[in-house]
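Have the viewer open and follow along.

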Amino acid sequence: MPFSKELIKAKTKIEFYCGIEFNSVLANLYRDGMDYMGMHSDDEPIFGCPPSIASLSLGAERPIHFKHKAKKHLKIKLPQSSGSLLVMTGSTQKYWKHGINKSKRIDTPRINLTFRKIENKFLKQP
């Protein structure tokens, strides 16, 4: 689907800030703290090599957790307040997994907009 006017405005600002062009966005709704995203890496070939991802958080603050793939003891927890932008570039996806944990303390929604560049060879041609 085409980007809405609001998404184009957000995408343009993010692209200017990052110096990266994006051609897709994934919207995730976390209704409350019981909605979560398991640990994963966005390292599929469809996202290029190396993949660059810009994650815009709107609504309830939810920390994102990082865990190193090889050095399991290395962990990072970053808060994501409403309006925050997290950019993952370079070798982030190669060496780290990330996710959003469950929390019984959060009772308000959060929307996450994840901007990515999908490689042209994976795009459907009209």
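Set aside the neighbours within four places in sequence, and Glu-119 is in contact with Pro-45, Ile-46, Phe-47 and Gly-48. Keep in mind that this is a predicted model. Glu-119 belongs to the segment that comes after strand S8 (110-116), and with a relative accessible area of 30% it's partly exposed. For a sense of scale, take Arg-62: it is 57 residues from Glu-119 in sequence, and the two C-alpha atoms are 30 Å apart in space.

Phe-47, one of those contacts of Glu-119, has another partner to look at. The charged end of Arg-116 sits over the Phe-47 ring, 4.7 Å from the ring centre.

Now for rings paired with rings. How many aromatic pairs does a search of the whole structure find? It finds 1. The partners are Phe-22 and Phe-115, with ring centres 6.4 Å apart and planes at 55°, so the pair counts as tilted. Phe-22 is in the loop between helix H1 (5-18) and strand S1 (24-30), while Phe-115 is in strand S8, so the pair ties together parts 93 residues apart in sequence.

On to the nonpolar interior. In soluble globular proteins, nonpolar side chains tend to be buried together. Here the largest nonpolar core has 8 residues: Tyr-30, Ile-53, Ile-64, Phe-66, Leu-86, Met-88, Trp-96 and Ile-100. At least two residues of this core come from each of strand S4 (64-68), strand S6 (85-88) and strand S7 (96-100). Click on Ile-64 and, leaving out neighbours within four places in sequence, you'll see contacts that include Leu-86 and Ile-100, along with Ile-76, Leu-78 and His-98. There's also a second, separate core of 6 residues, and Phe-22 and Phe-115 turn up in it, as do Ala-54 and Leu-56.

Last stop, the cysteines. Searching the whole structure for disulfides gives 0. Cys-49 is itself in no disulfide, and it's exposed, with a relative accessible area of 81%.

How values were computed. Residues are numbered from 1 along each chain as its sequence is written. This is a predicted model: local features need pLDDT of at least 70, side-chain atom pairs count only at pLDDT 80 or more; totals for chains, interfaces and linings use all residues. Side-chain values use heavy atoms; hydrogens and water are left out. A disulfide is a pair of cysteine sulfur atoms within 2.5 Å. Buried means under 20% relative accessible area, exposed over 50%, partly exposed in between (1.4 Å probe, protein chains only). A nonpolar core is a set of buried Ala, Val, Leu, Ile, Met, Phe, Trp, Tyr and Cys residues joined through side-chain atoms within 4.5 Å. Helices (H or I, at least four residues) and strands (E, at least two) are DSSP runs, numbered from the N terminus. Contact means heavy atoms within 4.5 Å. Rings of Phe, Tyr and Trp (its six-membered ring) pair if their centres lie within 6.5 Å; planes under 30 degrees apart count as stacked, over 60 as edge-to-face and the rest as tilted. A charge sits over a ring if NZ of Lys or CZ of Arg is within 6 Å of the ring centre and within 35 degrees of the ring normal.
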